Amino acid sequence: MDFLTSFNDLSAEFSVADIAISLTLSFLLSCAIGIVYRWTHRNVSYSQSYVQTLIVMGMIIAVIMLIVGSNVARAFALVGALSIIRFRNALKETRDVGYIFLVMGVGMACGTRFYLLAVIATVVVCLVLLLMYRFNWFAHNVQRQVVKVHVPTDEDYADRIDDVLIRNTDEYEQISIETIRGGALLEYTYTVRLKKAKHAAGLLGELREVTAGQQVTVLTGYDQTDL
């Protein structure tokens, strides 16, 4: 009975309205962030579960901040409890980390009842993300290719390959040379930037003329040409 009489429910530190507003607002704002993420995602690595996790994370952070409140001891206790969690999944894009921190910030603002700050921060950051996507900010239009050339080991083909690359590229760099097929062939690997008037097919043809018909491969960010 002493235990029952001494029982103290700390939920009175925040009202039901605080809980409802914090969870609802964090849910809505996290959904808006998830929609922006889906609109601006360009690669094939889009994950529905990642977006759902963002939404749930925003709500969980809001709950955590409600629990912590202004109690420093409680904050340290939660930090210790959460420090045992380890995440093993590697993110496919660096921008995904930014969305995680955005959702965490919004959830913290909702949980600490900075509702206006949460709304304004979500709107401003999402507008910046949409602008960067719409106008393709900071894009680097210089496209480089990787060229792999196979040649017999009985002669030195390096100078002849260099002559072809000089004629067809603005710049090139040899990054590796290794033996393949049990030492019967050498594989030269270069990074190149083709001249505007040149094409990969023409480069392949010229390289095959000086490499005794051996395989030549040009790899780009979008396709692979192989002869």
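Predicted model: local features only at pLDDT ≥ 70, side-chain atom pairs only at ≥ 80, totals over all residues.
**Helix 2 against helix 3**

The crossing of helix 2 past helix 3 is right-handed.

On the helix 2 side I got I19, S22, L23, S26, F27, S30, C31, G34 and Y37. Facing them in helix 3 are Y50, V51, L54, I55, G58, M59, A62, V63 and L66. I sorted the residues of this contact by type and got 13 nonpolar, five polar and no charged.

Is S30 buried or exposed? I looked it up: S30 has a relative accessible area of 0%, and under 20% counts as buried, so S30 is buried. S30 sits in helix 2. Skipping neighbours within four places in sequence, I find S30 in contact with L54, I55, G58 and V103. L54, I55 and G58 are also on the helix 3 list for the helix 2 contact, while V103 turns up in helix 5 when I look at what packs on helix 3.

**Helix 3 against helix 5**

I then went on to helix 5, residues 95–111. The axes of helix 3 and helix 5 come within 7 Å and cross at roughly 35°. Helix 3 passes helix 5 in a right-handed crossing. From helix 3, I noted Y50, L54, M57, G58, I61, A62, M65 and L66 in the contact. Helix 5 brings D96, V97, Y99, I100, V103, M104, G107, M108, C110 and G111. By type, the residues of the contact of helix 3 with helix 5 come out as 14 nonpolar, three polar and one charged.

**Helix 2 against helix 6**

Which way does helix 6 run relative to helix 2? The two axes cross at roughly 5°, and angles under 35 degrees count as roughly parallel, so helix 2 and helix 6 are roughly parallel. Helix 6 covers residues 115–135, and the axes of helix 2 and helix 6 come within 10 Å. In this contact I see D18, I21, S22, L25, L29, I33, V36, W39 and T40 from helix 2. From helix 6 come Y115, A118, V119, T122, C126, L129, L130 and Y133. I count 13 nonpolar, three polar and one charged among the residues of the contact of helix 2 with helix 6. S22 is on the helix 2 list here and also on the one for helix 3.

**What the record says**

The unreviewed entry annotates residues 20–37, 49–68 and 114–135 as "transmembrane region". Over residues 20–37 I get 100% helix and 0% strand, with the end C-alpha atoms 26 Å apart. Over residues 114–135 the chain is 95% helix and 0% strand, and there the end C-alpha atoms are 32 Å apart.

R113 has a positive phi of about 65° although it is not a glycine. I find R113 in the loop between helix 5 and helix 6, partly exposed at 36% relative accessible area. R181 also has a positive phi, about 55°, and is not a glycine either. R181 lies in the loop between strand 2 (169–180) and strand 3 (185–194), and with a relative accessible area of 57% R181 is exposed.

**D162**

I put D162 in helix 7, residues 158–168. D162 has a relative accessible area of 21%, which makes it partly exposed. Not counting residues up to four places away in sequence, D162 touches Y172 and Y190.

**Whole chain**

Last, the overall tally. I have eight helices and five strands, running α-α-α-α-α-α-β-α-β-β-α-β-β from the N terminus. Of the 227 residues, 31% count as buried. Among contacts with a separation of 6 or more, 70% come from residues 24 or more positions apart.

Terms used:
Residues numbered from 1 in each chain as written. Heavy atoms only, no water. UniProt positions renumbered as here; feature names shortened; annotations may be inferred. Helix = DSSP H or I, 4+ residues; strand = E, 2+ residues; numbered from the N terminus. Left-handed = near helix turned anticlockwise from the far one by under 90°. Contact = heavy atoms within 4.5 Å. Nonpolar A, V, L, I, M, F, W, Y, C, P; charged D, E, K, R; others polar. Buried < 20%, exposed > 50% of the residue type's maximum accessible area, 1.4 Å probe, protein only. Axes fitted to C-alpha atoms, helices over the stretch in contact; angles between N-to-C directions. Parallel < 35°, antiparallel > 145°, perpendicular 65-115°, else oblique.
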